[in-house]
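Please consider the following protein model, first at one position in the chain and then as a whole. The report below sets out what may be read from it.

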Amino acid sequence: MRLAAFLLLMAPFALTAAEVEGVRIDEKTRVGNADLTLNGAGLRKRAFFKVYALGLYVPQKTTNAAALLDQPGPKRVAIRMLRDVSADAFNEALADGIRANHSEAEAKALEPRLKELGAIIAGVGEAKKGMAINLDWTGTDTLVLIQDKPVGKPIAGQDFYRALLRVWLGDKPVQEDLKKALLGG
């Protein structure tokens, strides 16, 4: 009887986290002093390969991509690698996603900061299966965390973080069903 009562009490908590390809994506996280909520989680595939599980954390959940991009406050893109990916391939995929969702002039303006991010990722080397990569927006800068440890220097500019988000949430996302999943669909 006590076990059944305990399980009933814990059920809402057990259902609050997402699981993507065996990777647990927590319902809540913290960036700086801000508590964030999982907006959605999904799987990035390339051809028939499962590349990574991704969770998107924001202050206010929304199903509207434009509202999410404009939402003030810290955010987190939590990437959990499901296979090994070279730094070059990882960086090229991000660059392709940015170019697909921005005009040529906008992409060119973002290029120096994309190179900064590329250097950080290159410094890490290969994104290994099981690796946790967080791309955090602090409200002023983009921080890269590998296994919850900051690497590289902060990258300035909210426009840059929005450009990163557009890789997954833009008009031409890297994967339409992943965009839908990140928006809670």
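Leucine 69 lies in helix α2, which covers residues 65-70. In this predicted model, leucine 69 has a relative accessibility of 9% and therefore counts as buried, since buried means under 20% relative accessible area. Leaving aside residues up to four places away in sequence, leucine 69 touches Arg162, Leu165 and Arg166. Asparagine 91 stands 22 residues from leucine 69 along the chain, and the C-alpha atoms of these two residues are 21 Å apart.

The view may now be widened to the whole protein. Its secondary structure consists of six helices and nine strands. Of the 185 residues in the protein, 46% are buried. Where contacts join residues at least 6 apart in sequence, 58% of them link residues at least 24 apart.

The table lists overall values for the protein.

| Property | Value |
|---|---|
| Radius of gyration of the protein | 17 Å |
| Box filled by the C-alpha atoms, along the principal axes | roughly 65 × 35 × 30 Å |
| Accessible surface of the protein | about 10000 Å² |
| Separation of the mean positions of positive and negative charges | 4 Å |

The radius of gyration agrees with that of a compact globule, because a globule with 185 residues would have a value near 16 Å and the protein has 17 Å. Carbon and sulfur atoms account for 56% of the accessible surface. The charges comprise 26 positive and 22 negative ones.

Notes:
Residues numbered from 1 in each chain as written. Predicted model: local features only at pLDDT ≥ 70, side-chain atom pairs only at ≥ 80, totals over all residues. Heavy atoms only, no water. Helix = DSSP H or I, 4+ residues; strand = E, 2+ residues; numbered from the N terminus. Rg over C-alpha atoms; globule rule 2.2 N^0.38 Å. Buried < 20%, exposed > 50% of the residue type's maximum accessible area, 1.4 Å probe, protein only. Contact = heavy atoms within 4.5 Å. Areas by Shrake-Rupley, 256 points an atom, 1.4 Å probe, with all protein chains shown as cover. Lys, Arg positive; Asp, Glu negative; His and termini not counted. Charge placed at Lys NZ, Arg CZ, Asp CG, Glu CD.
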